[in-house]
Amino acid sequence: MKLVSNPRAYWQGLRDCAPFVVIVVPFSAMFGMVATDAGLNILQVVAMSAIVIAGSAQFTALSLLQDEAPVFVVLLASLAVNMRMAMYSAALVPHIGAASMRMRMLMAYVMVDQTFAVSVRTFDAAPQMSLNEKISYYFGCVTIVCVPWYVCTYLGAVLGQLIPTSLSPDFAVPVCFIAIFAPMLRSLPHIVAAGVSIVAAVVFSGVPWNFGLIIAATLAMMAGAQVEFWQRRRAARAEGAR
Amino acid sequence: MIDTPTIDTGTFWLVTIALGIGTYLIRFSFLGLLGGRQLPDWLLVHLRYVGVAVLPALVTPMILWPAATAGQFDPLRMTAALIALLAGWRFGVIWTIVMGMGSLWALQYAFG
């Protein structure tokens, strides 16, 4: 099995994911800049981007490392952020689950939010696509999202050192986190979860080893889920009343 | 930055490699090992809120007690963060970054 057996599907994937370059470039450059600012050398910064390729988890790990949080808290928080990818993995099975093991191993490594979202949307809309077309399409998406991710992390790390302290580069860290979660606040459960997260973070800020973060995140997740269950029950009752 | 502790090299590599492996296993899970098995509904519902549960808790102390001001509350950073939040909620990722950094610089220029 080849990565790109169908050039047409490959280019289509590349074109469909191209708009995300506008997000990937500043985001990875920010990471490179912020990580260098935190005292990591260029090799460390680029290695982290290449090994993890997950922006929000990288920012999470970085800021907790800077806070000198214990290793298990750093890992717990950043892996929790990545748990969403288990859903991506499950959602891709019906489409590319029949590919060879080596191919699936490679496809798992480059599974990120944008490549997942765009390819599943396309596969769902075009059930006639063959396995080879789907694989080629997937790697088209990957090329335009992941290559800029590596390159711009490096550029951010190199150029970031030139940014003077008077421009408050420290503030780029919270701004990046806000950039990740603010667009997610699309429904009541999401807003409630975020609200609980903020309040609990303040209430539990005194808990040692940054464990307050884990408590706050757990409470917020439960709050979001409970609101969703409540909404479902309400919808079911409304359905029953009709 | 003022007084930022440097990250220990050994700890950095330990975290990076463990995070890399853990993240890879999450990505590989269903596609590689579990096949088409369905996750239980209650778990899927909780997973949906992981992002909005972890990230605001992480960002709140950075805004309330910034390291750059030695933990002193800074109304300019607070205001800029709220503007970023509003911009992100309304217009998306790019505008969060532009408005967040832009408004902090503007506020610092005006009041700093």
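Which domains does the domain assignment of chain B give?

Author: The domain assignment of chain B gives domain 1 (1-36) and domain 2 (49-112). Please keep in mind that this is a predicted model. Taken over C-alpha atoms, the centres of domain 1 of chain B and domain 2 of chain B are separated by 26 Å.

Let us turn to the core. The largest nonpolar core has 109 residues, and those touching the most other members are A:Val145, A:Cys176, A:Phe177, A:Ile178, A:Ala193, A:Ala220 and B:Val54. Helix α9 (residues 131-160) of chain A supplies the largest share of this core, twelve residues.

If residues up to four places away in sequence are left out, A:Ala193 touches A:Ala220, A:Met221, A:Ala223 and A:Gly224 within chain A, together with B:Tyr49, B:Val52 and B:Ala53 of chain B.

The contact between the chains comes next. Chain A contributes 83 residues to this contact and chain B contributes 65 residues. On the side of chain A that touches chain B, 61 residues are nonpolar, 16 are polar and six are charged.

The domains of chain A complete the setting. Its domain assignment gives domain 1 (7-167) and domain 2 (185-241). Between the centres of domain 1 of chain A and domain 2 of chain A, taken over C-alpha atoms, lie 27 Å. Where these two domains meet, eight residues of domain 1 of chain A are in contact with six residues of domain 2 of chain A. On the side of domain 1 of chain A that touches domain 2 of chain A, helix α5 (residues 71-82) of chain A gives the most, with four residues. That side of domain 1 of chain A divides into seven nonpolar residues, no polar residues and one charged residue.

Finally, consider chain A as a whole. Chain A has twelve helices and zero strands. Its C-alpha atoms fill a box of roughly 65 × 55 × 30 Å along the principal axes. Of its 242 residues, 49% count as buried. Among the contacts in chain A with a separation of 6 or more, 76% are between residues 24 or more positions apart.

Key: Residues numbered from 1 in each chain as written. Chains lettered and ligands numbered in written order. Predicted model: local features only at pLDDT ≥ 70, side-chain atom pairs only at ≥ 80, totals over all residues. Contact = placed C-beta atoms within 7 Å. Nonpolar A, V, L, I, M, F, W, Y, C, P; charged D, E, K, R; others polar. Domains from an automatic or database assignment. Helix = DSSP H or I, 4+ residues; strand = E, 2+ residues; numbered from the N terminus. Core = buried A, V, L, I, M, F, W, Y, C linked by C-beta atoms within 7 Å. Buried ≥ 20, exposed ≤ 12 C-beta atoms within 10 Å, placed from the backbone.
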